Amino acid sequence: MRSGPPVASYIVSDHVFRAPKGTRDILWPDSARWRNLVEVFSEVVGSAGYLEVIPPMFEHVEVFQRLGEATDVVRKEMYSFEDKGGRTIALRPEQTASVVRAFAEHRPALPYKAWYAGPNFRYERAQKGRFRQFEQVGVEVLGPTDPHLDAEVIALGWRFYERLGLRRVTLLVNSLGSAEDRVRYVEALRTHFTVDQDALSEESRVTLEANPLRVLDSQREADAPLIAAAPRMLDHLSADAEAHFAGVTEALDAIEVPYTISPRLVRGLDYYVRTTFEFAAEALDAAQNAVGGGGRYDGLAADLGAPETPGVGFALGVDRTLLACDAEGVFDAPAAAVDVFVVDVTGGDEAVVLTDLIRVDGLRADRAWDGRSMKAQMKAADRSAAALAVIVGEDEKAAGTVIVRDLRGDSGQETVTRDQMIQTLRTRLR
Ligand code: HAM
């Protein structure tokens, strides 16, 4: 017969529910690593005066339509639905539009430097590194047009990857020019692709109608020759946009953030003007090696009802960044959830008090349950990966002492009074 705790009664049939396609459960220790990543991000951007904003996870669908009617994100991937009040709502596919909507609504003082962390939803083809619910950390700044701000934003992403220990990230930068340059460039592209449109894939011919820029994003082999021969945005920049881009790259040079100019970098959202950039993790397959990206979106705030206010920002994919960390063997998950494991062979009452004492003092402590044997409790202590065990048997209870035993190193064990316990634990954990 099976021993141990009873089978949970909610499993009423042999059917086991699974998380929906494109979603997953992040269990410990991955969840701890995840939280640590957000913590490091908040420190890096906090060092530059960015303040956290927590926008809602859903908005009126019109907010996201500003991302571009021709983008996959809006056309194919949005989780939108009518709520019980008859509103058309969409789960956010990204957070830039939400943050800028919040800016338009609350009008905080300029410059408004915000950071965020949280899930986004896109109905994409699920695969490794591509999920339907995925997490981003990001920053957005509203106000200045200063190219040094673009460089600050880019550098924060770069420094964050450095802090995680990633060494094989490359930074691609491009300029899409001013809104007017962009219009001129899009027309040049339209002409270029239209002349030879029979050579384009069927999908790209449809994309060409809606937005020729998006054709540059095509990964289909048939499109490669025409894309390679396409006019370059950098040759269509106005003097103003060219000077702005030079300001960005000179500032990056000054702080020694290495980058590659990538004239075909268009990104998947339509709000960008002038600077765009992407971080690629060389340790990942090309299909999911974009670990983050961003750029300027000077027209978005006005589109969402604020006075004309330029903006720039980026978002980094947490899931993919952690995959890159795996591939490079950096930013490990923590080995243990607790520092101390209490082994009580007097029946369990001692463990109630000792774990509480240790926790109140700020250390992390766990214990075994159900009056298990000494051997079973020691096994549990080992499994917990705690550095130290506090052991109490009848003799120690009578003498008002505990045994503190090293579970990982070779410093053995000692018997100390209860008053000395915390000090002993702290000294040994140092
Ligand atoms: P994005 O390029 O769509 O930009 O997403 C940024 C990053 O989020 C990507 O580089 C990738 O790492 C991650 N990501 C996107 N989709 C998925 C997915 N389905 N599964 C896993 N990871 C994914 C934006 O979202 C813009 N809001 C960035 C921005 C901020 N631009 C200006 N400010």
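A word on conventions: residues are numbered from 1 along each chain as its sequence is written, and side-chain values use heavy atoms, with hydrogens and water left out. Because the model is predicted, local features need pLDDT of at least 70 and side-chain atom pairs count only at pLDDT 80 or more, while totals for chains, interfaces and linings use all residues.

Let me begin with the ligand. Around the ligand there are 27 residues, of which Glu94, Thr96, Glu124, Phe131 and Tyr272 come nearest, where a residue counts as near if one of its heavy atoms lies within 4 Å of the molecule. By class, this shell has eleven nonpolar, nine polar and seven charged residues. Strand β10 (290-296) gives the most to the shell, with six residues; strands here are DSSP E runs of at least two residues, numbered from the N terminus.

Turning to individual atoms, a backbone N or O atom of Phe131 lies 2.8 Å from a nitrogen atom of the ligand, whereas a ligand oxygen is 2.8 Å from a side-chain N or O atom of Arg267. Taken alone the ligand exposes 660 Å², and the protein buries 95% of that, with areas from the Shrake-Rupley method and a 1.4 Å probe.

Methods. A polar contact is a pair of N or O atoms within 3.5 Å; within protein, one must be able to donate a hydrogen and the other to accept it, and residues adjacent in sequence count only if both atoms are side-chain atoms. Helices (H or I, at least four residues) and strands (E, at least two) are DSSP runs, numbered from the N terminus. Ala, Val, Leu, Ile, Met, Phe, Trp, Tyr, Cys and Pro count as nonpolar, Asp, Glu, Lys and Arg as charged, and the others, Gly among them, as polar.
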